[in-house]
Amino acid sequence: MPVSYKDIGLENTRDMFRRAFAGQYAVPAYNFNNMEQLQAIITACVETRSPVILQISSGARKYADQTLLRYMAEGAVQMAREMEKAKGFDKAIPITLHLDHGDTFELAKSCIDNGFSSVMIDGSHLAYDENVKLTQQVVAYARERDVSVEGELGVLAGIEDDVKAEKSTYTRPDEVVDFVKRTGVDSLAISIGTSHGAYKFKPEQCTRDERGILVPPPLRFDILEEIEKKLTGFPIVLHGASSVIQEAVTTINAHGGKMKDAVGVPEEQLRKAARSAVCKINIDTDGRMVMTATVRKIFVDSPGEFDPRKYLGPARSALIEMYKRKNREVLGSAGRYGAEA
Ligand code: G3H
Ligand code: 13P
Ligand code: ZN
């Protein structure tokens, strides 16, 4: 039996993005694969009064089971409402359940039929006309159910679920108007120099600061500006937006890890992007790294520990702090839960 997201307290992204555009901030899109990550995202977003997009990749569906994840998201909405009631908050934060990097019509349809309020159809690795065709098919199905759709133009390097791209291709501003018009997407992911994972730039693309830490080249804001001019008022999405927090890299490497030259997008650049047409910023890797750093440290400092709650609990606490900081200091989404609109 298909279930509509409206019956489980979720929202599509349309109002969220309209407010984010007007308010010059970006809505956080955080990936989750397990209970601790989901609890941390919800806790941080309720406490900072931030709208939030919960993202599930097809890798997450394989790892944790698609049915379980969907019910977890439904449970997360209830958890948020209970927290808000207990804290005496006046209004509920908007929560979207989104498919990250959907690659087939069937996958997008299955998510829509199972309570997702938003889907990404990522045809960015296909020829332009094929991307248009696939995206149109998903939009037609989603529109009838009031589900929002994110498309992508331009290829990000790194791993996008099962699609691996060695090289990135920047989005071509001359294609965006035609793509948005023909497909009817609600938002567009673009490629301006970000990439997925913990190694976003090769050391030879970077300089080093006085401490020897890699300083990456700036994102292509010129391309973003050209796109903004062509698509007036249209919500843009930034994937691959983890900063690869250097404190986490140091902790991981000091406790048996090997993450040499891991580097991400500097937070000041994301802050700048959030003030532009970028209405959704995707962050997954930073969460993975903060969890890993916390767990590695506990394993080294307390080798006798064997209760998962004693390492996953602290990992969850560290995640909460990280997400709160992102909402407040990077995305600007804290306090923007709709009461201000
Ligand atoms: O875009 C990639 C996301 O970080 C999801 O990664 O496919 O390993 O779950 P994943
Ligand atoms: P990061 O790997 O930079 O966290 O990007 C996540 C992402 O784009 C998910 O779609
Ligand atoms: Zn992505």
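The residues that line the second largest pocket divide into nine nonpolar, four polar and five charged. The structure described here is a predicted model. In total, 18 residues form the lining of this pocket, and its volume is about 320 Å³. The residues nearest the centre of the pocket are Ile213, Ser243, Val244, Gln246 and Pro266. Strand E10 (214–215), helix H9 (246–254) and helix H10 (267–274) are the elements that give two or more residues to the lining. Helix H9 provides the largest share, three residues.

Gln246, one of the residues nearest the centre of the second largest pocket, belongs to helix H9. Its relative accessible area is 28%, so Gln246 is partly exposed. Between the C-alpha atoms of Gln246 and Glu321 the distance is 16 Å, with 75 residues separating the two in sequence.

The loop between H9 and H10 contains Asp261. Although Asp261 is not a glycine, its phi is positive, at about 60°. The relative accessible area of Asp261 is 23%, and Asp261 is therefore partly exposed. Asp65 is placed in the loop between helix H3 (58–64) and helix H4 (66–87). With a relative accessibility of 40%, Asp65 counts as partly exposed.

Helix H4 also contains Leu68. Leu68 has a relative accessibility of 47% and so counts as partly exposed, since that class lies between the limits of 20% and 50%. Leu68 and Pro308 are 240 residues apart along the chain, and their C-alpha atoms are separated by 20 Å.

The surroundings of ligand 2 were examined next. A shell of 16 residues surrounds ligand 2, and the closest of them are Asp100, Lys200, Ser242, Asp284 and Thr285. In the case of His239, a polar side-chain atom is 3.1 Å from an oxygen atom of ligand 2. For Asn282, an N or O atom in the side chain is also placed 3.1 Å from an oxygen atom of ligand 2. Ala241 takes part through its backbone, of which an N or O atom lies 3.2 Å from an oxygen atom of ligand 2. Taken alone, ligand 2 exposes 300 Å², and the protein buries 96% of that area. Two or more residues of the shell come from each of strand E3 (95–102) and strand E12 (278–283).

Other residues of the model are buried within the protein. Ser191 is located in the loop between strand E8 (187–190) and strand E9 (207–208). Its relative accessibility is 0%, and Ser191 therefore counts as buried. The side chain of Ser191 reaches two backbone oxygens: that of Val155 at 3.2 Å and that of Thr169, which lies 3.1 Å from a polar atom of the side chain.

Helix H7 (residues 173–183) includes Thr183. A relative accessible area of 4% is under the limit of 20%, so Thr183 is buried. Thr183 and Asn131 are 52 residues apart in sequence, and the distance between their C-alpha atoms is 9.2 Å. Val176 is also found in helix H7. Because its relative accessibility is 0%, Val176 counts as buried. From Val176 to Lys230 the separation is 54 residues in sequence and 7.7 Å in space, taken from C-alpha to C-alpha.

Terms used
Residues numbered from 1 in each chain as written. Chains lettered and ligands numbered in written order. Predicted model: local features only at pLDDT ≥ 70, side-chain atom pairs only at ≥ 80, totals over all residues. Heavy atoms only, no water. Near = heavy atom within 4 Å. Polar contact = N/O pair within 3.5 Å; in protein donor to acceptor, adjacent residues only side chain to side chain. Areas by Shrake-Rupley, 256 points an atom, 1.4 Å probe, with all protein chains shown as cover. Helix = DSSP H or I, 4+ residues; strand = E, 2+ residues; numbered from the N terminus. 1 Å grid on protein atoms, 1.4 Å probe; cavity = no way out; pocket = protein on both sides within 12 Å on 5 of 7 lines; lining within 4 Å. Points joined across faces, edges and corners; volume = space filled by probe spheres on them. Nonpolar A, V, L, I, M, F, W, Y, C, P; charged D, E, K, R; others polar. Buried < 20%, exposed > 50% of the residue type's maximum accessible area, 1.4 Å probe, protein only.
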